[in-house]
Amino acid sequence: MVNNNVVYQQNVYIDFGTQNKSFIDIHLFLKDIGIVNNAFFLVLMDPDLAGVNPRDPRLNRMMKQKILRECITNYYYFIREAVRIPDSGGAVNSGIPYKLHRGNLALNFCLVYNYNINIELPRQHGKTMGICVRILWEFLYGTTNSEMMFSNKKHSDAKDNLQRLKNLRDALPSYLQMAEQYGIDGKRLKIRDSVETLSNPLNGNKIRTMPGARNKVNANSLGRGCTQPRQWYDEFAFILFNKIIYQSATPAYKTASKNAKNNGAPYGIIMSTTPGDMTTEQGLYAFHVKENATPFSESWYDMDKSEIDALLSKNTNSVFVYIRFTYQQLGSGEDYFKEMVVELGKDWAVIRREVLLEWSTSSENSPFKKEDLERVKLYIKQPIKTITLCRFFNFNIYKEMDRRHVPIIGVDVSGGYNQDSSAVTIIDSYTTEVVADFNCNFISIGDLTRVIYELVTKYMPMAVVNVERNGGFGATVVSELLKTRIKRNLYFEIKDRIVEERFNGMHIARTKQKTKVYGLDSSKNIRNLLMEILRERMEYHKDKFVSPIIYSELETLEVKRNGKIEHASNGHDDQIFSYLIALYVWYYGKNVMETWNIQKQSIRTDQDADEGIISLEEQYDDIFEDVMIDEHDDPNDVKGQLEYLNQTKAVSYEQALINQQMQDEQALHMLIQNNPLAKKAFENKYGMEYENNNFGNYTIPNSVFMNFNNFDDKNIG
């Protein structure tokens, strides 16, 4: 029988008829954003399984074998059709289908490739369960005699995760659980199963939980015992002595993972966490691990593994891929957020950490008021899309830019050898709002030059590019770009440069010459100008920062003892400076109209923007509050309500209009009686004489008042 919902593509079948709607939804989403490889998670190796329910009790032995073979060879079929997530209070083998979303698809994609993962997802979006599902598949169907390790902030939490995995296994059809094995004597083999460990009698795979560290010595000992090729650190930002454990475990892990790779077994480290407390050692270390990791991009779905490997190899600071999605990106709306506000007791520190995924990095000596930073946060946007340049590097796009407006590109260059990043920010010269940005802590000078060149030639041929000439790195980028056809796009100023010094016997004579100087010098005076721009932005243009990266850096700025404004030790300011370097062209640029056609106009302040915008705390402060009603009040007591209206002198809408008209009539009478010109204008307008001077005995036509708001455009101007 032919199934029209199964399509043969590139040597595999694609099951568009799956009953798991979430997989179809993600397929359509990826297709909509331009991902070509948008159905790899709908693959079906055996077309005979199309439309077959793995839980159907009528399945024959042959069909069960087909399903088992498909689960072993096709991980996405396993999670799409076989897995059920146990629901509270349900039967042991019941549950709900696996719900695919952008976050766990990224997780699964990277785990299939055995990448090291650092993942943050909001509460109730299946982060823990998604990892348990993947490790369950490896435990059941992976190669033989492999071992997995579960770690958490407390041993009891690690054991809870192991129990979740067991519940997932028990929710599978019995023929997929791989839980029974019989010896040569026909007796059932005993399964090694405890609250701390789990063994697979068929393939020898094992899972064990790791206790928490009591002190640094104990942490070092625990780390040295981590010889598993698959390691999972859950709530990594809250694990005491996490740095010691991870660093002492790394040598043993490298050996184990290398052996697993050679044997075709799964391997890799998973760090899952919510943002930690930056005032603790473990929180700060987890933050640095996250900051150094290579951000995941959905553009990877269209890349070969070799291309992704090449990208990851460029990052010499980290071996991790950082996956982060907001609750909006995962398809949850305001109802979800309201539920979390109530569930977490309006504890905004917890809400911002576990729902909004915000790392608390605020400086204690910030140059800005807390309320100003909070207001900036209200205008922050998530990217509407990303574009990939030079195969690997992604720009976040926050707004589709009007092609009639000249983009201004600010570039802050890092050497790519330390924790600083090279950053690019693009602003709209018409509004000065951020429209796109790029940040990378491992991009080389050559790659950055190529990225800027491709950005301009491919997307923004009218742009003006301003590069800070700092420490030789920026000057190198400028000198390389001057050799290309985007030389005309580079910002420059005409300055006096000393081209010759000559000693005439008494003093040194210097010859100056007008010279084009490309880029922006990083002098003290320039820095002061940039800081002045930043202060003005915070004062009048909080709505134009837009970028989450810029906002996170604003939080870490602090006033040093010498009065300079710089980032804190756990922060960065590269994106801020790339933004200010772009704004420098708008505020202080020379001949920008003649050279780059930038037309400076008045720009709206944030006071002119949305006056109705309020903070999250204010917006959700009163949700689900009880309404206090006096026990003697009867909502159906019409008589009582009327008495209340009479007591408070309340009037109906119709009566209010009558009262207003009477007041207007009285005012007009007084004007006519006291002003001969007004009397004459009135009589000309209505073709009647005003004879009665006693107010109350003369009725002014209603037309005087009824059309007050009706303007005749022909009489304007």
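The legends below describe close-up views of a predicted model.

View 1. Strands of a sheet pair through backbone hydrogen bonds, either parallel or antiparallel.

View 2. Strand β8 runs antiparallel to β9 (residues 206-209), and 3 bridges join the two. Within this pair, L198 has I207 of β9 as its bridge partner.

**View 3. The largest nonpolar core and the surroundings of W300.** The largest nonpolar core has 147 residues, and those with the most contacts inside it are F41, F78, F296, W300, F395, I409 and L554. Helix α18 (residues 574-588) supplies the largest share of this core, with 11 residues. When residues up to four places away in sequence are not counted, W300 touches F109, C110, T294, P295, I308, L311, L312 and V321. Another core, of 28 residues, lies apart from the largest one, and among its members are M210, A249, Y267 and M271.

**View 4. Two buried cysteines.** C132 counts as buried, at 0% relative accessibility, and C226 is likewise buried, with a relative accessible area of 0%. A disulfide is a covalent bond between the sulfur atoms of two cysteines. A search of the whole structure finds 0 disulfides.

**View 5. Two loop residues with positive phi.** Most residues other than glycine have a negative phi. Q124, although it is not a glycine, has a positive phi of about 70°, and this residue is placed in the loop between β6 and α5 (127-141). With 52% relative accessibility, Q124 counts as exposed, because the cut-off for exposed is over 50%. N591 is also not a glycine and has a positive phi of about 55°, and its place is in the loop between α18 and α19 (592-596).

Notes: Residues numbered from 1 in each chain as written. Predicted model: local features only at pLDDT ≥ 70, side-chain atom pairs only at ≥ 80, totals over all residues. Heavy atoms only, no water. Pairing = 2+ DSSP bridges. Helix = DSSP H or I, 4+ residues; strand = E, 2+ residues; numbered from the N terminus. Core = buried A, V, L, I, M, F, W, Y, C linked by side-chain atoms within 4.5 Å. Buried < 20%, exposed > 50% of the residue type's maximum accessible area, 1.4 Å probe, protein only. Contact = heavy atoms within 4.5 Å. Disulfide = S-S within 2.5 Å.
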